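Visitor: Can you walk me through this one? Keep it quick.

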Amino acid sequence: MRDVFREETWHSHAPEGYECPFCDLASGELRYPGNLCEPGDLIYSDDLVLAFIASHGFDPEPGHVLVTPREHYELLYELPDDVAARIMLVTRDMAVAIKKAWNPDGVTTRQHNEPAGSQHVWHYHQHVLPRWTDDGLYFTPKRPIVPPAVRARKAAELRAVLETANQH
């Protein structure tokens with residue numbers, strides 16, 4: 001199933017001539033003058049992933065971590081299994097490090113795909129953010145309960161896609 005999904009070609013949202021800041025950091029050369037990443041931001045690096053402090057912060061505390069593949073993949077949909085698994089393991093390790101280093105009340109992880117999903121750097125990255133009670137990072141009003149019949153219909157639609165992928 002996963003191989004069938006990855007065989008799809010996904011549209012890139014990167015503008016013409018895009019200079020990827022995360023590929024630049026991964027190269028160790030920092031060739032692009034507009035790149036806000038700095039060598040001192042790097043926390044962890046292996047053959048598959050990097051973890052580094054983000055150049056943009058979220059109040060009340062700056063310093064959240066980005067975990068990104070070393071190789072350029074724009075979207076979650078494209079990640080090979082070994083890279084996806086490594087990203088999750090390093091994300092977990094960064095969350096534990098954040099808890100031990102800064103003692104926040106909690107940790108949030110999040111990831112965005114495509115412009116409508118709030119992605120703005122065209123290289124996959126997972127955010128790992130320290131959180132404090134009432135920090136207001138994102139206030140979301142309580143959502144209404146989705147009726148069971150609607151949830152069942154949505155589950156059936158996704159199962160159908162997965163079953164089709166398994167038949168290939």
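Guide: We will take a helix, then a sheet.

Guide: This is a predicted model, where local features need pLDDT of at least 70, side-chain atom pairs count only at pLDDT 80 or more, and totals for chains, interfaces and linings use all residues. Residues are numbered from 1 along each chain as its sequence is written, and side-chain values use heavy atoms, with hydrogens and water left out.

Visitor: What span should α3 have at 1.5 Å a residue?

Guide: The 22 residues of α3 (81-102) should span 32 Å, and the end C-alpha atoms are 31 Å apart, which agrees. The expected span is 1.5 Å times one less than the number of residues. Helices (H or I, at least four residues) and strands (E, at least two) are DSSP runs, numbered from the N terminus.

Visitor: Which residues of α3 are buried?

Guide: Val83, Ile87, Val90, Thr91, Met94, Ala95 and Ile98. Down the axis of α3 they fall within an arc of 155 degrees, so they line one face. The arc uses directions from the helix axis to the C-beta atoms. Buried means under 20% relative accessible area, exposed over 50% (1.4 Å probe, protein chains only).

Visitor: And what is exposed on the other side of α3?

Guide: Met88 and Lys100.

Visitor: What do the buried residues of α3 pack against?

Guide: Strands β1 (42-45), β2 (49-53), β3 (65-69), β4 (106-111) and β5 (126-131). Contact means heavy atoms within 4.5 Å.

Visitor: New topic. In what order do the five strands form the open sheet?

Guide: β1-β2-β3-β5-β4, with antiparallel pairing. Two strands pair if DSSP finds at least two bridges between them.

Visitor: How many bridges join β3 to β5?

Guide: Three. Val65 stands opposite Val128 in β5.
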